[in-house]
Amino acid sequence: MANATQEFGEWPLKRLMTEVCGSGHKSADDLTSDQAREAMQRIFAGEPDPTTLGAFWLANRWKRNNPEELAAYTDEMCARVEYAEPDADPVDCGANYDGKGRTAVLGVAAGVVAAAAGTPVVTHSGDRVPTQKQDAYKHVLDELGVRTELQPQESADMVDETGFGFYYQPAFNPAVHDLFDRRDQMGVRTFVNTIETLANPANADVHLGSFYHLAFAKKVTDTFEASDHHDLRRVIMFQGMEGYDDIRPGYTKVAEWTDGEFDDYEIETPNYGMDFDAEDLEVDDVAADSARITKEVVAGDRDDEFADAVAVNAAFRIFAREDADDLETGLEMARDAIADGSAEAVLDDLRAF
C-alpha cells in the first residue's frame with residue numbers, strides 16, 4: 001500500500017468504501033474532510049479504476065453527503081478552476097448544469113432584465129451535462145446568437161460590458177469537464193452535479209440557486225460556510241422548476257443566508273404576478289422556445305405568464321444582491337427596465353459582444 005499511496009495519502013477510494021462509506025445508507029460513516037480531499041485529488045488525477053470510481057460515487061449517493069464532505073470536494077474543485085473576476089460585483093446564478101426538459105429556461109431573460117435594472121448577473125453551465133443532458137443556459141444563449149464558448153477573462157469582460165456574463169464550464173472548470181465520460185456512464189446524478197454549480201467562476205459574493213427540499217438549501221449554505229475557498233456574503237435559494245434557478249409558481253419556500261444567519265420563509269407567487277401553474281410555462285423546444293420568449297419579453301412584446309415569470313425571477317436577482325429592499329421593489333425595477341427599453345438594449349449588447 002505504501003507505494004500505491006505515497007502521492008495521495010492512505011485512502012484509495014476502494015479502502016474508503018470498505019472501511020468508511022460503502023456499507024449502505026444506514027450504516028455508512030461520513031468521510032473526514034481530509035479523506036474527502038484525498039478522494040477528490042485521486043479522482044481528478046484519474047487514479048481510480050472506472051469501476052471503483054462509479055462505486056464510490058454511488059456509495060456517496062446512497063449515504064448522502066454532509067456539508068463537510070461537500071466543502072472538501074468543492075475546495076479541491078475550486079483549486080483547479082480558472083477564475084476571472086469582473087470589476088462589477090455580480091450575482092452568481094448556479095443552476096443545475098444538466099438542464100431542463102419541459103419548462104422554459106427563464107434565467108437568461110431574468111438575468112438580462114436584472115442587469116438592465118442595475119444588478120450584474122453571472123450564469124454558467126456546461127454542454128449537455130449528464131445525467132439529463134438537457135437544455136441549460138448555454139443552449140438558450142446559443143439560440144439567441146450570444147457567444148458562449150468563451151475563455152474566462154472574456155466572460156468577465158462580458159459582465160463589465162453588458163451587465164450579464166456567461167462562463168463556459170470546459171474553459172473555466174476543465175477538471176470537472178474531464179470527468180464527463182465517467183459521469184455519463186453512471187446513469188444517475190452524483191455529488192459532482194452539486195459541486196459544479198458552486199464553482200462561482202466570477203468569485204461573486206452573492207449566490208442564487210434552487211432546491212427541491214429546504215434541507216438541501218441548508219446543506220448548501222453549510223457547505224459554503226465550511227469551504228476554505230468560498231467567502232460568500234449572501235445566498236438566496238428557492239424551490240425551482242425542474243431543480244433549475246427559475247422559481248416555480250404557487251406556494252414556495254425561500255431560504256435566505258446572510259453573513260452566517262439562516263432564515264426561511266414562504267411566499268405566494270400570485271402575490272407577485274405569477275398567478276398561474278407551472279404547466280403554463282411548458283414549451284415544446286426548450287432552447288429555441290426559451291430564446292424566442294426571451295427576445296419577446298425583454299422587448300416588451302409579451303404581457304402574459306412568461307413576462308410575469310421573468311419579472312419575478314429578475315426581482316429575485318435584484319433582491320439577492322440587495323439592490324432592492326424587498327421583492328415588491330425589485331419587481332417594479334424589473335418591469336421598469338423592460339418598459340424603458342433598457343432590457344432590450346442589454347440583449348443587443350450581448351449579441352454584439
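This note walks through the fold, strands, helices and backbone exceptions of the structure above.

1. **Basis.** The model is predicted: local features need pLDDT of at least 70, side-chain atom pairs count only at pLDDT 80 or more, and totals for chains, interfaces and linings use all residues. Residues are numbered from 1 along each chain as its sequence is written, and side-chain values use heavy atoms, with hydrogens and water left out.

2. **Overall form.** The chain has 17 helices and seven strands. Helices (H or I, at least four residues) and strands (E, at least two) are DSSP runs, numbered from the N terminus. The radius of gyration is 20 Å, which agrees with the value near 20 Å for a compact globule of 353 residues. That radius is taken over C-alpha atoms, and the globule rule is 2.2 Å times the number of residues to the power 0.38. The C-alpha trace spans about 70 × 40 × 40 Å along its principal axes.

3. Of the 353 residues, 59% are buried. Buried means under 20% relative accessible area, exposed over 50%, and partly exposed in between (1.4 Å probe, protein chains only). Contact means heavy atoms within 4.5 Å. Among contacts with a separation of 6 or more, 75% are between residues 24 or more positions apart.

4. **Surface and charge.** The chain exposes about 13900 Å², and carbon and sulfur atoms supply 40% of this area. Accessible areas come from the Shrake-Rupley method with a 1.4 Å probe; for residues, only the protein chains shown count as cover. There are 31 positive and 72 negative charges, and their mean positions are 7 Å apart. Lys and Arg count as positive and Asp and Glu as negative, while His and the chain ends are not counted. The place of a charge is NZ of Lys, CZ of Arg, CG of Asp or CD of Glu.

5. **Strand E4.** E4 covers residues 206–211, and six of the six are buried, so the strand is largely enclosed by the rest of the structure. In a regular strand the side chains alternate between the two faces of the sheet. Here Val-206, Leu-208 and Ser-210 point one way. His-207, Gly-209 and Phe-211 point the other way.

6. **Partners of E4.** Two strands pair if DSSP finds at least two bridges between them. E1 (residues 91–93) runs parallel to E4, joined by three bridges. E5 (residues 234–239) also pairs with E4 in the parallel sense, over six bridges.

7. **The E6–E7 hairpin.** E6 and E7 form a hairpin with two residues between them. Eight bridges join these antiparallel strands. Asp-259 lies in the loop between E6 (251–258) and E7. Its phi is near 50°, a positive value in a residue other than glycine. Asp-259 counts as exposed because its relative accessible area is 60%.

8. **Ile-267.** This residue sits in E7 (residues 261–268). Ile-267 counts as buried because its relative accessibility is 6%. Beyond its neighbours within four places in sequence, its contacts include Ile-247, Tyr-251, Val-254, Phe-316 and Leu-327. Lys-26 is 241 residues from Ile-267 along the chain, and their C-alpha atoms are separated by 35 Å.

9. **Helix H6.** H6 spans residues 107–116, and nine of its 10 residues are buried. Among them are Gly-107, Val-108, Val-112 and Ala-115. Just after H6, Gly-118 takes a positive phi of about 110°.

10. **Helix H7.** Six of the eight residues of H7 are buried, so this helix is largely enclosed by the rest of the structure. Tyr-137, Lys-138 and His-139 are among the buried residues. Gly-145 follows H7, with a positive phi near 80°.

11. **Backbone exceptions.** Most residues other than glycine have a negative phi, and most peptide bonds are trans. Arg-64 is not a glycine, yet its phi is positive, about 75°. Arg-64 is in the loop between H4 (50–63) and H5 (67–78), and is exposed at 56% relative accessible area. A cis peptide bond joins Pro-130 and Thr-131, with omega about 10°. Thr-131 lies in the loop between E2 (121–125) and H7 (137–144).
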